[in-house]
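Me: I have a chain open and want to go through its fold. Can you take some quick questions?

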Amino acid sequence: MHYTVVRGVVRWSVVEGSAEEPVLIDRGNLTPPKAYSEAESLTWLREEVRTLIREYEVVRANVKCAEPSGKFASRSFPR
């Protein structure tokens with residue numbers, strides 16, 4: 001399973017097979033309701049990810065974090 005987080009949306013995909021011959025099983029986006037607080041959004045996302053892990057019997061996952069850009073700076077990605 002692969003996750004990429006971009007601007008509040010978690011994009012996910014489930015792939016089987018090898019690196020040489022991957023097979024896409026399914027993919028989608030997770031977006032918490034806009035009315036949710038940050039804490040509620042994180043709780044919602046955690047439960048959705050847990051559901052996907054159970055549904056697809058995931059044994060390995062990869063998470064890709066947002067990459068810094070010239071217009072973006074934070075403690076994690078200083079300029």
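Me: Which residues make up the largest nonpolar core?
Reply: This is a predicted model. In it, the largest nonpolar core has nine residues in all: Met 1, Tyr 3, Val 10, Trp 12, Val 14, Leu 30, Leu 45, Val 49 and Leu 52.

Me: And which elements give two or more residues to this core?
Reply: Strand β2 and helix α1, the latter spanning 38–56.

Me: Take Leu 30 from that set. What does Leu 30 touch, not counting residues up to four places away in sequence?
Reply: Its contacts include Val 10, Trp 12, Leu 45, Val 49 and Leu 52, which are also listed in the core. Leu 30 touches Gly 8, Val 9, Trp 44 and Glu 48 as well.

Me: Back to β2. Where does Ser 13 lie?
Reply: In strand β2, which covers residues 9–17.

Me: Is Ser 13 buried or exposed?
Reply: Buried, because its relative accessible area is 15% and the cut-off for buried is under 20%.

Me: What does Ser 13 touch, leaving out residues up to four places away in sequence?
Reply: Met 1, His 2, Leu 24, Asp 26 and Arg 27. Of these, Met 1 also belongs to the largest nonpolar core.

Me: Different topic. In what order do the elements run?
Reply: From the N terminus on, β-β-β-α-β. That is one helix and four strands.

Me: How many of the residues count as buried?
Reply: 18% of the 79 residues in the chain.

Methods. Residues numbered from 1 in each chain as written. Predicted model: local features only at pLDDT ≥ 70, side-chain atom pairs only at ≥ 80, totals over all residues. Heavy atoms only, no water. Buried < 20%, exposed > 50% of the residue type's maximum accessible area, 1.4 Å probe, protein only. Contact = heavy atoms within 4.5 Å. Core = buried A, V, L, I, M, F, W, Y, C linked by side-chain atoms within 4.5 Å.
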